[in-house]
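Okay, thanks everyone. Let me put the structure up, and then I'll walk you through a few spots in it.

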Amino acid sequence: MAKKLLTKDSALELLREKMKNENLRRHCYAVGKVLAQFHDYFSFPTGLTKNQWEIAGILHDADWEVTKDNPARHTIELLEWLEEYEVEPELIEVFRSHNSKTTKLREPETKLEWTLECCDELTGFIVAVALVMPERKLEQVSVESILKKFRQKEFARQVDRGQISQCEEKLGISLNDFVSRTLDAMKNNSELLGL
């Protein structure tokens with residue numbers, strides 16, 4: 001049987017098929033939009049396309065609902081699903097690097113892999129900040145309000161701040177700039193994110 005081509009549309013279809021929780025899906029949409037914006041920031045002339053960067057975000061947690069009670073399977077399940085698709089080998093490597101602390105498949109190496117690693121936790125943190133705003137909207141969130149909450153260890157304590165802060169060492173982007181660009185991408189897609 002011929003494999004399906006992995007496109008943005010087929011990635012969204014796969015996400016909707018495998019993930020029923022709308023808030024979890026919105027997290028995947030957010031990471032996708034942030035990665036697409038960082039593709040432009042890094043302005044790569046070659047390699048994976050902007051759409052492929054977005055696909056990496058859309059699918060990075062697609063198997064979360066079925067693996068949440070078995071973290072060692074997170075990303076392994078996704079990689080098995082993707083065997084039915086025609087996927088760029090570089091994109092498969094991106095997924096292999098996700099959740100690497102648990103799976104040990106491979107460490108993040110590329111700009112895309114490190115951007116995913118850093119923005120994954122940050123998008124969730126920004127949502128948490130938005131939800132404590134009076135109108136619970138992204139438009140009320142500022143870089144300052146995010147950084148203020150970032151320093152408050154009791155706020156969204158499950159968020160791994162160290163994973164986010166790696167942006168400075170691994171991507172050469174200051175935390176302030178990384179937060180600003182991530183927030184912009186989310187604000188530009190606030191309707192899709194329900195915020």
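**Ser 145 and a few helices**

Let's start at Ser 145, which sits in helix H9, residues 143-150. Helices here are DSSP runs of H or I with at least four residues, numbered from the N terminus. Bear in mind this is a predicted model: local features need pLDDT of at least 70, side-chain atom pairs count only at pLDDT 80 or more, and totals for chains, interfaces and linings use all residues. Residues are numbered from 1 along each chain as its sequence is written, and side-chain values use heavy atoms, with hydrogens and water left out.

So, is Ser 145 buried or exposed? Buried, with a relative accessible area of 17%; buried means under 20%, exposed over 50%, partly exposed in between, using a 1.4 Å probe and protein chains only. Leaving aside residues up to four places away in sequence, Ser 145 touches Val 129 and Met 133, where contact means heavy atoms within 4.5 Å. Its side chain also reaches the backbone oxygen of Ser 142 at 2.8 Å.

Now over to H6, residues 89-97. Leu 91, Val 94, Phe 95 and Ser 97 are buried there. They're on the same side of H6 because they cover an arc of only 165° around the axis, taken from the directions from the helix axis to the C-beta atoms. What do the buried residues of H6 pack against? Helices H3 (50-59), H5 (76-81), H7 (100-103) and H8 (111-131). Just after H6, Asn 99 takes a positive phi of about 65°.

Last stop: just after H2, Ser 43 has a positive phi too, about 40°.

Notes: Helix = DSSP H or I, 4+ residues; strand = E, 2+ residues; numbered from the N terminus. Polar contact = N/O pair within 3.5 Å; in protein donor to acceptor, adjacent residues only side chain to side chain.
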